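Me: Hi! I have a model open and would like to talk through a few of its parts with you. Could you take a look?

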Amino acid sequence: MCSGIHSSPKGAGAFKQTSLGRRLVLIDIENYCGKPVLETEDVIGARASIELPSKAGSGDLFVIGTSHTHNFLSAKRAWPGAEHVFGRGHNGADVAIIEAARRHLTSIRTFEEVLMLSGDGIFTTLMREIGERGVSTTVVSLAGQLNRNLAKAASRVRIIDREPSPTFAFAS
């Protein structure tokens with residue numbers, strides 16, 4: 001279950017609410033949960049692990065990408081207020097997330113921070129472009145799955161580990 005994800009002490013505070021209070025949160029939910037098939041309970045656990053410690057603001061925009069129909073339906077049930085994007089096949093969810101983020105790039109200055117919850121290298125150019133616009137970027141990745149170039153493109157990096165406990169804490 002995805003709720004068993006815990007943060008490492010490195011990069012503490014990456015999910016704190018910003019002073020403007022508006023963030024664009026891009027989530028490759030299958031990557032974040034570390035598994036290809038998700039149940040609604042997995043997404044509920046992921047949502048709690050993201051929203052509760054980050055004190056999600058009313059202006060935050062969550063974009064959740066999936067690459068399997070079953071996962072898309074699970075995500076829609078568990079996270080009805082988010083923008084859901086879908087792409088089939090290898091990198092399908094990644095491409096759908098990038099396309100959605102690019103649609104929001106015209107108003108990217110209305111966001112103080114963009115968080116990318118995936119360690120996939122395909123997001124490197126996107127994070128670099130957002131950073132060049134003066135917006136802070138944070139990449140959150142499972143341990144051992146962070147692409148080196150993506151890490152270099154981000155303003156901050158947050159590594160999370162999976163542990164058997166169902167509790168979660170981002171801040172130290």
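Me: How many residues does helix H4 have, and what does it span?
Reply: Helix H4 covers residues 92–104, which is 13 residues. From first C-alpha to last it reaches 19 Å, close to the 18 Å expected at 1.5 Å a residue. That expected span is 1.5 Å times one less than the number of residues. Helices (H or I, at least four residues) and strands (E, at least two) are DSSP runs, numbered from the N terminus.

Me: Before we go on, what kind of model is it?
Reply: The model is predicted, so local features need pLDDT of at least 70 and side-chain atom pairs count only at pLDDT 80 or more, while totals for chains, interfaces and linings use all residues. Residues are numbered from 1 along each chain as its sequence is written, and side-chain values use heavy atoms, with hydrogens and water left out.

Me: Thanks! Which residues of H4 are buried?
Reply: Among them are Ala93, Ile97, Ile98 and His104. Buried means under 20% relative accessible area, exposed over 50%, and partly exposed in between (1.4 Å probe, protein chains only).

Me: And what covers them?
Reply: The cover includes strands E2, E3, E4 and E5, along with helices H1 and H5. Contact here means heavy atoms within 4.5 Å.

Me: Let's switch to E2. Which of its faces are covered?
Reply: Both are: Arg23, Val25 and Ile27 are buried on one side, and Leu24, Leu26 and Asp28 on the other.

Me: Which strands does E2 pair with?
Reply: E2 pairs in the parallel sense with E5 (residues 113–117) over 5 bridges, and with E3 (residues 61–66), also parallel, over 5 bridges. Two strands pair if DSSP finds at least two bridges between them. Arginine 23 has glutamate 113 of E5 as its bridge partner, while leucine 26 has valine 63 of E3.

Me: What forms a salt bridge with arginine 23?
Reply: Aspartate 60 does, with the closest N and O atoms 2.6 Å apart. The two sit 37 residues apart, aspartate 60 being in the loop between helix H2 and E3. Both aspartate 60 and arginine 23 are buried. A salt bridge is a side-chain nitrogen of Lys or Arg within 4 Å of a carboxyl oxygen of Asp or Glu.

Me: Nice. Where is the partner of arginine 102?
Reply: The partner, glutamate 129, meets arginine 102 in a salt bridge at 2.5 Å, N to O. Arginine 102 lies in H4 and glutamate 129 in H5, so the pair ties together parts 27 residues apart in sequence.

Me: Is arginine 102 buried or partly exposed?
Reply: Arginine 102 is partly exposed, because its relative accessible area is 36%.
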